[in-house]
Amino acid sequence: MTEIASYHAHIYYSPATRPIAEGLREQIAARFSVQLGRWHDRPVGPHATSMYQVAFAAELFPTLVPWLMMHRQGLTVLVHPNSGEPYNDHLHNALWLGAVLPITADQLPRAEAPSAIVPNTQGAAERL
Ligand code: ZN
């Protein structure tokens, strides 16, 4: 199996659901040690829908992903591995919580080394 260096969870929202996304972001920051990305109110890269990114270490998958399943409050979440193959990671090896949204495939390189995760949240409650 290709090695998974880390994961991203992309939290999608609309103007109507942005307050839910704000609350979810605060809860993630309080509970998990992750790298929270900036708000993107407009499409960015392969993401055709407003979102922010949560980058996290592979070790957090068994706690963070089930937590997102139970607390996403109807928001769509894309969870994809970072294995060095962004095209496959987003289009073929990802999982979706909620509706499947469009991904702009031509924005995704076939090969690119994953970025290191630098946590910027305190999250202690559910750290492993
Ligand atoms: Zn990503």
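**The zinc site and its surroundings**

Modeller: In this predicted model, the zinc ion is coordinated by H8 through ND1, by H10 through NE2 and by H80 through NE2, at 2.0 to 2.2 Å.

Biologist: What spacing do the donors of the zinc ion follow along the chain?

Modeller: The donors are H8, H10 and H80. H8 belongs to strand 1 (residues 6-12) and H80 to strand 4 (residues 77-82), so that pair links distant parts of the chain, 72 residues apart. Written along the chain, the spacing is H-x1-H-x69-H.

Biologist: How many of the residues of strand 1 are buried?

Modeller: On one side of strand 1 lie S6, H8, H10 and Y12, and on the other Y7, A9 and I11, and all of these are buried, which leaves both faces covered. Strand 1 is therefore largely enclosed by the rest of the structure, and the count of its buried residues is seven of seven.

Biologist: Why does S6 count as buried?

Modeller: S6 has its place in strand 1. Leaving aside neighbours within four places in sequence, S6 is in contact with F56, A58, H80, P81, N82, S115 and I117. S6 counts as buried because its relative accessibility is 2%.

Biologist: What is the order of the strands in the open sheet?

Modeller: Strand 1 pairs in the antiparallel sense with strand 3 over seven bridges, and Y7 stands opposite F56 in strand 3. Strand 1 also runs antiparallel to strand 4, joined by six bridges, with H10 opposite L78. Strand 2 and strand 3 pair in the antiparallel sense over two bridges, and L36 has V54 in strand 3 as its bridge partner. The open sheet has five strands, and their order is 2-3-1-4-5.

Biologist: Which element supplies the largest share of the lining of the largest pocket?

Modeller: About 560 Å³ of space lies in the largest pocket, and of the 30 residues that line it, the closest to its centre are H8, Q53, N82, E112 and S115. The lining residues divide into 13 nonpolar, 14 polar and three charged. Strand 1, strand 3, strand 4 and helix 3 (86-91) each supply at least two residues of the lining. The largest share, four residues, comes from strand 3.

Biologist: Which elements are included in what covers the buried residues of helix 2?

Modeller: In helix 2 (residues 61-71), the residues T63, L64, V65, W67 and L68 are buried. What covers them includes strand 1, helix 1 (18-31), strand 3 (51-57), strand 4 and strand 5 (95-97).

Notes. Residues numbered from 1 in each chain as written. Predicted model: local features only at pLDDT ≥ 70, side-chain atom pairs only at ≥ 80, totals over all residues. Heavy atoms only, no water. Donors = N, O, S within 2.8 Å, 3.2 Å for Na, K, Ca; no water. Buried < 20%, exposed > 50% of the residue type's maximum accessible area, 1.4 Å probe, protein only. Contact = heavy atoms within 4.5 Å. 1 Å grid on protein atoms, 1.4 Å probe; cavity = no way out; pocket = protein on both sides within 12 Å on 5 of 7 lines; lining within 4 Å. Points joined across faces, edges and corners; volume = space filled by probe spheres on them. Nonpolar A, V, L, I, M, F, W, Y, C, P; charged D, E, K, R; others polar. Pairing = 2+ DSSP bridges.
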